[in-house]
Amino acid sequence: MRAGVLAAWRDSPTRLREDAAVEADLVRAGYRDRLLTELAQNAADAAAAAGVPGRVIVRCSDRTLSIANTGAPLDVAGVHALTALRSSGKTGDSGEVGRFGVGFTAVLTVSEEIEFRSISGSLRFSRADTRAELTAAGVTVPAAEGGFVPPVLRLAWPHAEPPCAGADSEIVLRLRPDIDPAALLESMRAEAMELLLELPALNEIRIEDFPVRSTVRDMAGTDLREVRIDAAGTETTWWEYRTARARWLVPVRDGRPVAARPDVLRAPTRSDEELTLPALLIADIPMQPDRRRLLPGSRLRELASGYTDFARALPPVSRPVLIPAPGFARSETDGLLREAILEELRGSAWLPVLAAESDAADGSGERVAIPTRTSVFPDLTAELAELLGGVLDPLLIPDLSGARYADVLAAVGVHRIGAAHVAELSAGLDRSPSWWFALYTALEPFVTDQLTVEELGALAVPLADGRTVTGPRTVLLDDELGALVEPVPVHWARLVHPAAVHPLLGRLGAQRATVADLLSDPALQAVLTEHPDDPDTVESVLRLAAVADPTALPPWLGLLELPDSEGSTRPADELLLPDAPLIELLVPDSPFGVVATEIVDEYGADALRTIGVGWEFGIVTETDPTGPDHHLDDEETWWAGLSADPPELVAVRDLDLVDDAAWPEALWRLLSDERTRPLLGDAGGYTAWWLRRYARIDGIPLGGYRHPADTEFAGLLPELPITGLSGPDLDALGGCLADPASLDLTLAATLLEALADPAKAPTPEVVARVHARLGAAVHRLDITALDPPDRVRALSGAVIDAGDALVLDKPWFGLAVPPDRLVVADPDTAGELAVLLDLPSVSEQVDAEVLDRGHGTDWETEPLGVILRRLFTLPPQPGLLRVHDDLRVRLSGAVTRTVRVPWWQDGDTVHVLRPGPPH
């Protein structure tokens, strides 16, 4: 054989170069870290061929590494394979994976002096001897940078040394100087356990004094095998499942399988194809010669076939372990395998679900379902599972409903359901009240937040009348009806069946059946709308009203129709009690009727008042009203005057039905009722607004009267002529009387009329203040609705023709013009008052001339100027100050006269009379 190789090299130096290059490439790349792996594969093939348990013994002494094994010895085919870089001695029988193929090149990663000792004969390989042989044979050595390095494994020499005792073959390697024996042995110890998983023909690998052994047993009742690996006393356990083209192994801890760490594809030994599968995959699949990568066109998806059988072989609670966790694939191979496995899992029945009576269990007594047709209720309890098993089908068993499995179950298409879905499905169930009670008990631990409360808002509830309705918020729990002396037939309420009453219903919004709740039930409102005079309803409502809190009841109870004194029926809110004080206050043609006496005798006045039968004035109440739609007199006008919609409307109704002569008594009644008294002081509210305009005493609207303590309108408006009112009563009526702070168009008209009345005797100060308020209100009043008066009130108090009146717009004219010609207001609003009264201002109609120039000076140097600024708190004055010993002004125009004055102003110049006798 050597002669043939040498001849080939001699005849073709290129062949020598190629052989050297191929061997070097295999050492540097393909088999750089696979020494023990490749030799263990050879040992496994040898053991399988001989039909004996495989053992590998590794020793190292004096930098000589020995790897011995049991099994079939070296044969002629093996020798040819060892010396031919492109061939292998394996036959494909007995599951051989690499016997004496190119993988043997891995020995060159640590040695250039190799011995293959076998009981059938031994060989030796040497780089040094090969180099010498080339020289002796006259083979031309190719030139190479750094010197040509010949191949080692192409030339073999016979060797006399047999393998060590107990071994059938032994590889002896003289380690190169750059190899660390201790590190090499340590790496082999790390590989040993995985090799026993990958190569089932091997039972033991011993690295010096570090034994690693495997034991395998079939697991009864399953297609699983248990593989135990003992590494020097540290044991790991795996469960193995075999399919046609793959072996799957999942690690076991504390008796339960767990997901494997990210790994690589094994075919059967480690490759470089990274995987993130939950089980180790040892596959029968074509690999590249160095067994690191798959060959193109490998049918990866076929490896997933039978994966669901593997899942079914596991205990039910452990099956989700085999679902690939969501995440990114680490390689193209990983992505294809994950996709194929998930597809296999989604389309087959293997997930354990609750048993159903209508389905026959399989031979193991369990029931399985396809994931995409299965539902899971998170953290399902055994109690809830027992109740939902026939409602949600198929439903995953409770042991697999925890949060730890949520992501992987979603990956295979399991439908996650919650309380809302349970509530939805409950609507169509026909179950006994005791079953519903058990369901509420089982659901209660899940109601831990408001979101779950909302989700269970559609939960079905059985009623005492045999119906089942949707929504706990729509039902009532019987709390008070049983405490009544005699039972009351409540036919409109949704009362829960006594056997189903549970605290959970209260947490979900079920109301306690107080009397007020029953009388406020929307179902009762619907009954009153359609059948307001139903005798049973009248009986029930009035008997409940006798013990109800009137303040907690809705106003629509007034829809209940009752017999009146004339033999007809009317809504309760259109009836008065026979002795109601309100009867005496109303106009004769009032639309109110009187309730029949026999109804009062049977049910009592309190029950009738509770549902709206009148005694005192009625109240209209609405939160967030949106318009004048409350059937109040002239409500549209009041609403139009509002700047914004009120947050709440509370108003006295039927005020327009009060007889004019009865208003003093009516006001007493309004003041005496705690419901209506606060409304009289709310000047912006409807009640006070209406009373100011339309309630008349002695022909005068209430808005035309003033509070006795109010001096703003003294002499112009009369005090309220109701005797016996206390100070607090008058204060409570404040919103109904004239209010200087909120002067409106009606009050303005009243004041203008009073000012023009010669019978009134207001003081000049009152006249001036009223004129000032009128002027200040012009910008917010529609003065086009007011007619200018023909007569006005002058500063002197006299009532004069408007044609003789002048509005004082510049105060100093008041020192010269007679007060019976002047209409006085604040200077700032004098213009507005002139517009309101349609009068000219005095400065427009009267010209003034100061007759003496006086002594010109300024405010800072003139002592009198300094005194005046401090006396009248004047700001710094920009103009000229002229001091006169005799200050006279000549008026012309609407007023002609010459007047001696103490002060005058002409533009920025101020004229002042010097104190003392005139000169």
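I looked up Cys736 and found it buried, at 0% relative accessible area (buried is under 20%, exposed over 50%, partly exposed in between, with a 1.4 Å probe and protein chains only). Then I counted disulfides, taking one as a pair of cysteine sulfur atoms within 2.5 Å, and got zero. For Cys60, the nearest cysteine sulfur belongs to Cys164 and sits 14 Å away, and Cys60 is in no disulfide.

**Ground rules.** This is a predicted model, in which local features need pLDDT of at least 70, side-chain atom pairs count only at pLDDT 80 or more, and totals for chains, interfaces and linings use all residues. I number residues from 1 along each chain as its sequence is written, and side-chain values use heavy atoms, with hydrogens and water left out.

**Backbone.** Which peptide bonds did I note as cis? Ala267 to Pro268 is cis, omega near -10 degrees, and Asp393 to Pro394 is cis, omega near -5 degrees. Pro268 is in the loop between strands S13 (263-266) and S14 (270-275); Pro394 is in the loop between helices H9 (382-388) and H10 (406-411). Helices (H or I, at least four residues) and strands (E, at least two) are DSSP runs, numbered from the N terminus.

Glu208 has phi near 55 degrees, lies in the loop between strand S7 (202-207) and S8, and is partly exposed at 28% relative accessible area. Asp838 has a positive phi of about 55 degrees; I found it in the loop between H27 (830-837) and H28 (842-845), exposed at 58%.

**Cores.** A nonpolar core here is a set of buried Ala, Val, Leu, Ile, Met, Phe, Trp, Tyr and Cys residues joined through side-chain atoms within 4.5 Å. The largest has 84 residues, and Trp248, Leu281, Ile285, Phe310, Ile323 and Leu384 touch the most other members. Helix H12 (433-443) gives the most to this core, six residues. Apart from that core lies another of 78 residues, including Leu495 and Leu720.

Leaving aside neighbours within four places in sequence, its contacts (heavy atoms within 4.5 Å) include Pro278, Leu342, Trp350 and Val412.

**Pockets.** On a 1 Å grid over the protein atoms alone, a pocket is an open set of points with protein on both sides within 12 Å along at least five of seven lines, while a cavity is a set where a 1.4 Å probe fits but cannot get out; lining residues have an atom within 4 Å of a point. Points are joined across faces, edges and corners, and a volume is the space filled by probe spheres set on them.

The largest pocket holds about 1500 Å³. Of its 43 lining residues, Pro555, Gly612, Gly618, Ile619 and Arg675 are closest to the centre. Which element gives the most to that lining? S28, with five residues.

The second largest pocket is about 550 Å³. Of its 22 lining residues, those closest to the centre are Ala683, Trp689, Arg692, Ser742 and Asp744.

**Cavities.** I found five of 30 Å³ or more.
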